[in-house]
Amino acid sequence: MTQPTRILIVDDHPMVAEGIQSLLESYDDISVVGVLTNGQDAVDQVATLAPDVMLLDLNMPGISGLNATEMILEKRPQTKILILSMHDSPEYISTALRHGASGYVLKDVPTDEIYTAITTVMSGQQYLCTGARGSLTPNIADGREPLTSREQTILLELAQGKSNKEVAGTLDISVRTVETHRQNIKRKLGISSTAGLTRYAMEHGVLQGTGGL
């Protein structure tokens, strides 16, 4: 029997969080493993709670949803992040996707659309709710995966000839995390070699910029 999808809800508005929790608990194939109110708690508890999908509010006190997304994915890359927001501007949506979110859902969507979003990202696809998709230009919504800002940082370090261990020391992360990012960068760019990554960085101006967060 298939295990239920583990969901963690992170929103500083109790009524919103409770409403989503109540909705999701009506599905037999969903298990809500926690409800948190801020990004820092989400970062601190993601490894322990081990959610398959995290519903993450974009605007929260302390760590923003965007920064929390990258920190969460560094700790547990297999967790899918669905951003919850009231903002449908292209800048918000495209930035969330660049930071590694698997989807973007407006808070005013019909309640069953949240369930659809969860099943979509669990299948490995990106999900944008109708309002979010309609506000994006075609080149953003066409399914291509952009590099997150963290991946751009690591690409910059690798393009300078640094080893995984040296990059890990510079960014204060584990060698395993660097390797995970490295494989994701290669997959997204369709590049198999370090030399190819260096050439890409030079051709696209990565080495001229900061490439950082």
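Let me start with helix 10 and helix 11, whose crossing is left-handed, meaning that the near helix is turned anticlockwise from the far one by less than a right angle; helices here are DSSP runs of H or I with at least four residues, and strands are runs of E with at least two, numbered from the N terminus. This is a predicted model, in which local features need pLDDT of at least 70 and side-chain atom pairs count only at pLDDT 80 or more, while totals for chains, interfaces and linings use all residues. Residues are numbered from 1 along each chain as its sequence is written, and side-chain values use heavy atoms, with hydrogens and water left out.

On the helix 10 side, the contact (heavy atoms within 4.5 Å) is made by Arg-182, Ile-185, Lys-186 and Leu-189, and on the helix 11 side by Thr-194, Leu-197 and Tyr-200.

Arg-182 of helix 10 also takes part in the contact with helix 9, where Asn-164, Lys-165, Val-167 and Ala-168 meet Val-175, Val-178, Glu-179 and Arg-182. The crossing of helix 9 and helix 10 is right-handed, for which the near helix is turned clockwise.

Turning to helix 1, residues 14-24, the buried residues (under 20% relative accessible area, with exposed over 50%, partly exposed in between, using a 1.4 Å probe and protein chains only) are Ala-17, Ile-20, Leu-23 and Leu-24. Seen down the helix axis, they fall within an arc of 130 degrees, taken from the directions from the axis to the C-beta atoms, so they line one face of helix 1. On its other side, Pro-14, Met-15, Glu-18 and Ser-22 are exposed. The cover over the buried residues includes strand 1, strand 2, strand 3, strand 4 and helix 5.
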